[in-house]
Amino acid sequence: MLSIPINRPLPSEPRLVTSLPGSRAKAIIERDRAVTSPSYTRDYPLVVARGEGCMVEDVDGNVFLDMTAGIAVTATGHAHPQVVRAIQEQSVLLLHMSGTDFYYEPMVELAEQLAVRAPFPKPQNGKTSLPAKVFFTNSGAESNEGAIKLARYYTKRSLIVAFLGAFHGRTYGAMSLTGSKTVQRAHFGPLVPGVTHIPYGTHASLDHLEQQLFATILPPQEVAAIVVEPIQGEGGYIVPEDGFLQRIREICDRHGILMVVDEVQAGMGRTGRLFAIEHWHVMPDIITTAKGIASGMPLGAILSRPQLMTWPPGSHATTFGGNPVACAAGIATLQLLESGLMANSTQMGEVLQAGLTQLHERFPKISPPRGKGLMVAVDLYDEEGNLDHKLRDRIIQEAFLRGLLLLGCGKAAIRFCPPLVINQDQIHIALNILSDIFSS
Ligand SMILES: Cc1ncc(COP(=O)(O)O)c(C=O)c1O
């Protein structure tokens, strides 16, 4: 184990002190290769030792600007002091008791806080009932697994509509909804039956669903749920056409189908609203979340309108879901999101999109940006105007070598999903690095 001097604050801009990867990173990667599953997708040889805000330091003392937030997770920044304090305080009291079989307050407290914020209809029947019920999980995939079960249980229907390009996770139910890349499915079948995928984000796709599929092979009265990301994440940070999400709501209402919104990537303040679906003023029936909910502690949640959670004791449960330490981190995260970070996401998202628009004007291989808040992407094109995933991959490598951490998504997109604490100077550093790469 390495000893890192944690009382030394990290600089707020990249600082490279070795060639990359450095010798310690190389040694750890060698050990990793020998022992961990080859199914992990590592795009560049970053071996992280510690993080602070938007900066991470590798094991050789190189400091990087992180525009990935550990795949859109560390919403409050790496190791936010308030989150760390909440974790420390909770961990000396109780590490685990299993909310499946016992009670403890942090789980109830976070459930209450999420329930009052869920974009569901406000209850009419007295003061005590809340607009949502909450089931805690350990991940995004597990949240989606539970949502499928809940939708089937409640509706007593089995079919599900999902979208091409969607990513909902890699466990069997979630993988069966995922429509992103064949490598995520190849040789794993048979998958959960009854899932139909249609193209994402367009009215033409919903026309096809209603006019063709519902009339021929997909009886709407047997469809339990339409599962949709409010902004498609892994699929390319795709913002749907105006009215698309509202129309899904209408289709669901017409046929007694549940609208399940996967907020795993877009939720928890990333787009400037707690739940991205709020941008469209649509009230879904079920929301799944994870990633940013606890700033990096493994936690996810299924939120449903209260009347849907009719499943009886024992029908759905999980040993670790709603762990007290993760819930304490979740409560601290919510507080930070609402006391400035969501607003920062909106403001910094505008700065980022303005800067990327300028880059697009200077370098036509970069598309205009798209997204909301700090969920932003650009596509990369070749000379002929075709999407160019090789160029995208090369830019990501070169950015790493200059101290900027980026991730791809979609066919040839670079996504920008930094911690929501990012400031204007750091956004300009990222834009300058990209500009240098394209100028060289
Ligand atoms: C929208 C969405 N849903 C679900 C998942 C799966 O989450 P997890 O990796 O925590 O299982 C992801 C992960 O990227 C996601 O982006």
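Ser139, Gly140, Ala141, Val264 and Gln265 come nearest to the ligand among the 15 residues around it. The model is a predicted one. The protein chain holds 11 helices and 15 strands, and 47% of its 440 residues are buried.

**Ligand shell**

- Helix H5, which spans residues 140-155, gives the most to the shell around the ligand, contributing three residues.
- Sorted by class, the shell has seven polar, five nonpolar and three charged residues.

**Overall fold**

- The radius of gyration of the protein chain is 22 Å, which agrees with a compact globule, because a globule of 440 residues would have a value near 22 Å.
- Along the principal axes, the C-alpha atoms of the protein chain fill a box of roughly 60 × 60 × 45 Å.
- Of the contacts between residues at least 6 apart in sequence, 73% join residues at least 24 apart.

**The sheet with S1, S2, S3 and S13**

- Strands of a sheet pair through backbone hydrogen bonds, in either a parallel or an antiparallel sense.
- An open sheet is formed by four strands in the order S1-S2-S3-S13, with mixed pairing.
- Its edge strands are S1 and S13 (404-405), each of which pairs on one side only.
- Strand S1 (residues 48-52) runs antiparallel to S2 and is joined to S2 by four bridges.
- Arg50 has Glu57 in S2 as its bridge partner.
- Two residues lie between the strands in the hairpin of S1 and S2, where Gly53 takes a positive phi near 60°.
- On its other pairing, S2 meets strand S3 (residues 63-66) in the antiparallel sense, over three bridges.
- Glu57 stands opposite Val63 in S3, while the bridge partner of Val56 in S3 is Phe64.
- The hairpin of S2 and S3 has four residues between the strands, and Gly61 in the turn has a positive phi of about 90°.
- Within S2 (residues 55-58), Met55 and Glu57 point one way and Val56 and Asp58 the other way; all of them are buried.

**Ile231, a loop residue**

- Ile231 is located in the loop that runs between strand S7 (223-228) and helix H8 (244-255).
- Is Ile231 buried or exposed? Ile231 counts as buried because 26 C-beta neighbours lie inside 10 Å, and the cut-off for a buried residue is 20 or more.
- Leaving out residues up to four places away in sequence, Ile231 touches Tyr237, Ile238, Val239, Ala266, Thr271, Ala276, Gly371, Lys372 and Met375.
- From Ile231 to Thr310 the C-alpha to C-alpha distance is 29 Å, and these residues are 79 residues apart in sequence.

- Asn386 sits in the loop between strand S12 (375-379) and helix H10 (389-401).
- Why does Asn386 count as exposed? Asn386 has 10 C-beta neighbours inside 10 Å, so Asn386 counts as exposed, the cut-off for that class being 12 or fewer.
- Asn386 and Glu350 are 36 residues apart along the chain, and 27 Å separates their C-alpha atoms.

Terms used. Residues are numbered from 1 along each chain as its sequence is written. This is a predicted model: local features need pLDDT of at least 70, side-chain atom pairs count only at pLDDT 80 or more; totals for chains, interfaces and linings use all residues. A residue is near a molecule or strand if its C-beta atom, placed from the backbone, lies within 6 Å of it. Ala, Val, Leu, Ile, Met, Phe, Trp, Tyr, Cys and Pro count as nonpolar, Asp, Glu, Lys and Arg as charged, and the others, Gly among them, as polar. The radius of gyration is taken over C-alpha atoms; the globule rule is 2.2 Å times the number of residues to the power 0.38. Two residues are in contact if their C-beta atoms, placed from the backbone, lie within 7 Å. Two strands pair if DSSP finds at least two bridges between them.
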